[in-house]
Amino acid sequence: MNSLLLWFNQTGSPPNFDRFCARWAPWAWALAFASLAIGVYGALFAVPADAKQGENFRILYLHVPAAWMSLFIYVVMAVQAFIALVWRIKACEILAMACAPVGAAFTLITLATGSIWGRPTWGTWWEWDPRLTSELVLLFIYFGVMGLHAAIEDRRAAARAAGFLALIGMVNVPIVHFAVNWWNTLHQGATIKLVGPSTIDASMLWPLIAMVVGTKAWFIGSLLQRARAMNLEQEAGKDWVRGVADAS
């Protein structure tokens, strides 16, 4: 733990953090575009139509990775917020707040694609299903974190307040994940499992894996780019920031 905290403190100094983000963001973007291109090609052209849903099932390749990312990003945001609140590491405050817009975007994509998928499958655009409702609550929590952060003028106080709200909102994450197990819902159960056999055919799985890798890389690239911009904004006027501006 001490070595981890030392790494956070060393990398988290504003100039080092800027260099870290500038170095790794382009690599993340490159991996994202390559993986997403492979995934989209496979989803649209290589995978056969589903026996029951026909061509409609192809939206799964966007809906499922987005849904996973909506929860994954929230956990990352909450972990960064916890580190920031306990050890007051400035870079973690920035990373936590940079997570929120990206997580909200993936949550919105999840709800939109789920609604589009639900229309031919369930016969309705929306149903107050526990999984759908808890995912909508997740979107509102993301908006709440973003709104609270924007409402307080002091950037560090704003990050701490919004981080505290993010930690409270963690209670909704297991509700979203386990809703299909805890309640009788319209939403289907998990077809892809990390432990145990998956029910999706192997021929349909590889584009989904590519999309999952692509969305995670997209998140990392977006997170680093947003965090770098926030870091430069907060440190505006410092000599090292002027040096970065002159170099670019």
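Tutor: Buried means under 20% relative accessible area, exposed over 50%, and partly exposed in between (1.4 Å probe, protein chains only). With that, 43% of the chain's 248 residues count as buried. This is a predicted model: local features need pLDDT of at least 70, side-chain atom pairs count only at pLDDT 80 or more, and totals for chains, interfaces and linings use all residues. Residues are numbered from 1 along each chain as its sequence is written, and side-chain values use heavy atoms, with hydrogens and water left out.

Student: OK, how many helices and strands in the chain?

Tutor: Nine helices and zero strands, taken as DSSP runs numbered from the N terminus (helices H or I, at least four residues; strands E, at least two).

Student: Which residues have the most contacts inside the largest nonpolar core?

Tutor: Ile 73, Tyr 74, Met 77, Tyr 142 and Phe 219, in a core of 44 residues. Such a core is a set of buried Ala, Val, Leu, Ile, Met, Phe, Trp, Tyr and Cys residues joined through side-chain atoms within 4.5 Å.

Student: And which helix gives the most to this core?

Tutor: Helix 4, with 13 residues.

Student: What does Tyr 74 touch, beyond four places away in sequence?

Tutor: Its partners include Leu 138, Tyr 142 and Val 173, where contact means heavy atoms within 4.5 Å.

Student: Switching to Ala 46: buried, exposed or in between?

Tutor: Partly exposed, with a relative accessible area of 40%.
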